[in-house]
Amino acid sequence: MITEQDKQFMREAIRLADESVKRGGGPFGAVIVKDGEIIAGSSNSVTIDHDPTAHAEVNTIRQACSKLGTFDLSGCTIYTSCEPCPMCLGAIYWARISRIFYGNTRKDARDINFADDFIYEELERPLDERTVPIKNMLRDEALHSFRLWMEKADKTEY
């Protein structure tokens with residue numbers, strides 16, 4: 001069920017997207033809500049910050065985690081002005097956000113030349129058939145870090 005409060009939070013994400021366009025950023029905004037209160041809100045700043053990971057959702061997750069002092073956003077809801085791309089969806093899942101609401105669809109984004117489809121397609125391909133070459137190397141040496149992690153008694157699990 002979508003409530004009037006949900007609509008208010010989505011309208012704030014859309015407002016942030018509108019402001020971003022006016023400032024030279026991309027047309028995307030997001031807010032994260034916990035216990036009925038917005039704890040973080042941001043927009044896309046890829047072109048402003050020269051950072052391809054500076055999507056609205058990622059920026060907002062970073063703000064929320066910093067504010068709450070945790071990497072676990074369980075119990076939070078994200079409202080984003082557009083269906084999350086694969087990177088943002090991954091970040092949302094890693095942050096353990098409990099619910100996602102979005103405005104524009106992937107197709108709407110594609111219609112204005114923000115196409116994520118090629119990434120979804122790449123993920124379906126075998127590694128040796130991907131557009132960007134991806135090769136496994138030095139696995140035996142790299143496993144050392146994993147063994148250190150497994151042996152560490154005072155680690156913070158995530």
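**Close-up views of a predicted model**

**View 1. Arg15 and Glu19 pair through their side chains.** The two form a salt bridge at 2.0 Å, N to O. A salt bridge puts a side-chain nitrogen of Lys or Arg within 4 Å of a carboxyl oxygen of Asp or Glu. This is a predicted model: local features need pLDDT of at least 70, side-chain atom pairs count only at pLDDT 80 or more, and totals for chains, interfaces and linings use all residues. Residues are numbered from 1 along each chain as its sequence is written, and side-chain values use heavy atoms, without hydrogens or water. Arg15 and Glu19 sit 4 residues apart in helix H1 (residues 4-23), so about one helical turn separates them. Helices (H or I, at least four residues) and strands (E, at least two) are DSSP runs, numbered from the N terminus. Glu12, Arg15 and Glu19 are linked in a salt-bridge network.

**View 2. Lys152 meets Asp154 in a salt bridge.** Their closest N and O atoms are 2.9 Å apart. Lys152 is partly exposed at 39%, while Asp154 is exposed at 58% relative accessible area. Buried means under 20% relative accessible area, exposed over 50%, partly exposed in between (1.4 Å probe, protein chains only).

**View 3. The largest nonpolar core has 17 residues.** Such a core is a set of buried Ala, Val, Leu, Ile, Met, Phe, Trp, Tyr and Cys residues joined through side-chain atoms within 4.5 Å. Ile32, Ile61 and Leu73 are among those with the most contacts inside it. Strands S1 (29-34), S2 (37-43) and S3 (76-82) and helix H3 (56-68) each supply at least two residues of this core. H3 gives the largest share, 4 residues.
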